[in-house]
Amino acid sequence: MTAINHALTGAVIGLLVGEPILAVPAAIASHFVCDALPHFASRMPKEKLLRTRGFRNYLIIEAVLCFALVVSLFIIQPAHWLLASICAFAATSPDFLWINRYIKTRRGQKWRSSSFARFAGGIQWFQRPVGAFVEVAWFVAAIALLAPFFK
């Protein structure tokens, strides 16, 4: 799942739940639930994809979208906006554990898979270009759930 979809899911959880003790763990768990859904992935082999300028630009766009979400929450300040921002980060944070792979691959170094990487990769059973339809539907649904909080 894309980072913005993880962040939107976390924000929705934060806004709807409103209790940090419940919302933050739920946001982290949502990351793995979302990754278990069919979602987009390039057909290009991962080791080759990570070295491309296009993938680097994709990461930049994702970061900008996630930042825009948090800035929007800050500007509009719906109830529980700070918790929603924290949950957006929490829902996206498991993907930060892939940074080492990205850096090592970009440098041409060998990356060793960890038990977490095997778990996280294993639950992503359907990653194909057609998964973009699920990504778009998830994005639209999350925006629809967020919209009432932005009035």
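Mentor: Glu-135 is buried, because its relative accessible area is 7% and buried means under 20% (exposed is over 50%, partly exposed lies in between; 1.4 Å probe, protein chains only). Before going on, note that this is a predicted model: local features need pLDDT of at least 70, side-chain atom pairs count only at pLDDT 80 or more, and totals for chains, interfaces and linings use all residues. Residues are numbered from 1 along each chain as its sequence is written, and side-chain values use heavy atoms, with hydrogens and water left out.

Now place the residue. Glu-135 sits in helix H8, residues 132–146. Helices here are DSSP runs (H or I, at least four residues; strands are E, at least two), numbered from the N terminus. Look at the end of its side chain. A polar atom there lies 3.1 Å from the backbone nitrogen of Thr-2. A polar contact is a pair of N or O atoms within 3.5 Å; within protein, one must be able to donate a hydrogen and the other to accept it, and residues adjacent in sequence count only if both atoms are side-chain atoms. Then list the neighbours. Leaving out residues up to four places away in sequence, Glu-135 touches Met-1, Thr-2, Asn-5, His-39 and Phe-40. Contact means heavy atoms within 4.5 Å.

The largest pocket has a volume of about 1200 Å³. Of its 36 lining residues, those closest to the centre are Met-1, Phe-55, Tyr-58, Leu-59 and Asp-95. The terms rest on a 1 Å grid over the protein atoms alone: a cavity is a set of points where a 1.4 Å probe fits but cannot get out, a pocket is an open set with protein on both sides within 12 Å along at least five of seven lines, and lining residues have an atom within 4 Å of a point. Grid points are joined across faces, edges and corners, and the volume is the space filled by probe spheres set on them.

H4 gives the largest share, 8 residues. By class, the lining has 20 nonpolar, 10 polar and 6 charged residues. Ala, Val, Leu, Ile, Met, Phe, Trp, Tyr, Cys and Pro count as nonpolar; Asp, Glu, Lys and Arg count as charged; the others, Gly among them, count as polar.

Stay with H5. Thr-92 lies in this helix. Thr-92 is buried, at 9% relative accessible area. Apart from neighbours within four places in sequence, Thr-92 contacts Ala-3, His-6, Ala-7 and His-31.

Follow the chain back to the loop between H4 and H5. Pro-78 is placed there. Pro-78 is buried, with a relative accessible area of 8%. Its contacts beyond four places in sequence are Leu-15, Leu-73 and Phe-149. Pro-78 and Phe-149 are 71 residues apart in sequence, yet their C-alpha atoms are 5.7 Å apart.

Most residues other than glycine have a negative phi. Gln-77 is not a glycine, yet has a positive phi of about 50 degrees. Gln-77 lies in the loop between H4 and H5 and is partly exposed at 41%. His-80, also not a glycine, has a positive phi of about 70 degrees. The loop between H4 and H5 holds His-80 too, and His-80 is partly exposed at 39%.

Next, the cysteines. How many disulfides does the structure hold? There are 0 (a disulfide is a pair of cysteine sulfur atoms within 2.5 Å). Cys-34 is in none; its nearest cysteine sulfur, that of Cys-66, is 12 Å away. Cys-87 is in none either; the nearest cysteine sulfur, that of Cys-34, is 13 Å away. Both are shielded: Cys-34 is buried at 1%, and Cys-87 is buried at 0%.

Finish at H7. Phe-116 belongs to this helix, residues 115–122. Phe-116 is partly exposed, at 23%. Setting aside residues within four places in sequence, its contacts are Phe-32, Pro-94 and Leu-97. Phe-116 and Trp-98 are 18 residues apart along the chain, with 9.8 Å between their C-alpha atoms.
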